[in-house]
Amino acid sequence: MSYNVSKVVLAYSGGLDTTVAIKWFEEQGIEVVTFTAELGQGAELDEIEKRAYEAGSSKHYSLNLIDEFADVYVAPAIMANALYEGEYPISSSLSRPLIASKLVEIAEREGADAVAHGCTSKGNDQIRFDVTVRSLNPELKVIAPTRIWRWTRKQELEYAASRGLRIPESHKKYSIDSNIWGRSIEGGAVEEPWNEPPEDAFEWTSPPERAPNEPEYIEIRFDMGVPVALNGEKMKLSDLVMKLNSIAGKHGVGRIDHMESRVIGFKSREVYEAPAAITLIKAHKDLEKAILTRRELSFKEIADREWTNLVYEGLWGEPLRESLQELIKGMNKYVCGEVRLKLFKGRLSVVGRRSDYMLYDLKIAGYDEGWYPTDEEARGFINAWGLYSVMARAVRRNVQEAWVGGSERLAH
């Protein structure tokens, strides 16, 4: 390897890939500074730090970024109803630009030549890290050891064992990434798309059949598109998300299994747990439908999809993402109110909503009493509304009949 690098800052998860990377860098004669971001993954930061030093790190940083992640990254994702391909709440995708920005800050502070991550050449995360770092500091080199050595998981485990590196048991079976917004599970048995994911792959959610036998009702209050209270209790977003992960997960809500279109150019079977994300996006979307006009909703679906795709594709620094985010935030100005949901055996249902800004009016929409257009008003609206369609069909029918008639005369 010829990188002309003397010191590197490594995003360290404590798992197999990055633990092996520390030792590998050391054997290349490169000093390694490690950095772990606390994003609510429930990791033992002291244990991760200990493992980093054991593997050869010269200095370790542990930063609690939970609130920053929630306020700066998760909040706009809720406002954008961010579900990639309608399924995945971009939990890992959202965290990468934040981690990358801290990598750059630490590298500049430590005088490092490069930053590094544990992403493989098959994944989307390599794009997210590489592009974000380049956009923040083009002078820094970005190194991905797993792209260089291209070992199988078995080969990595053999390397770790030969160097006496401690690898957590859970990371030997699956590749896990988690934060408050979701947990992704890759590798092992979940790679076969025909097989049902094994129960030992899940940690946050109960199997629906073993969830409580009684439904639970919850109420979520939104202010300008952002959740601010759960069951009447005001709390900061990070606390609300973590509490909701526990409540919804207990009822088996939030399991996701789908065939995902990776940026890198192929399909992959992805399994996630995201109880709070699925619950909050469903509630937010329902409240939007009650408040925004039909045209606003139609246009916002386009903006939401494009914002989500840009984040998923690793383009957090793309100016269009910033512009779309401002637009989406503006469209959430009046998305204030409460949504009531029912959780039961893996099912999540919106059963009520209320807001001072709702466009629903029982005096207009009700069938038992209230406003009704007159017959004349109804017929006038219908005639005007359908005029384009009626005229188009009439004109095309007449032209077609004239063409057929002319052809028959020519034939005789």
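Colleague: What are the helix and strand percentages over residues 174–389, and how far apart are the end C-alpha atoms?

Modeller: Over residues 174–389 the chain is 38% helix and 25% strand, with the end C-alpha atoms 56 Å apart; helices (H or I, at least four residues) and strands (E, at least two) are DSSP runs, numbered from the N terminus. This is a predicted model in which local features need pLDDT of at least 70 and side-chain atom pairs count only at pLDDT 80 or more, while totals for chains, interfaces and linings use all residues. Residues are numbered from 1 along each chain as its sequence is written, and side-chain values use heavy atoms, with hydrogens and water left out.

Colleague: Why is Cys119 called buried?

Modeller: Buried means under 20% relative accessible area, exposed over 50%, and partly exposed in between (1.4 Å probe, protein chains only). Cys119 has a relative accessible area of 11%, so it is buried, and Cys336, at 12%, therefore counts as buried too.

Colleague: What makes a set of residues a nonpolar core, and which residues have the most contacts inside the largest one?

Modeller: A nonpolar core is a set of buried Ala, Val, Leu, Ile, Met, Phe, Trp, Tyr and Cys residues joined through side-chain atoms within 4.5 Å. The largest has 77 residues, and Leu94, Trp181 and Trp307 have the most contacts inside it. Helix H3 (residues 66–79) gives the most to this core, with nine residues.
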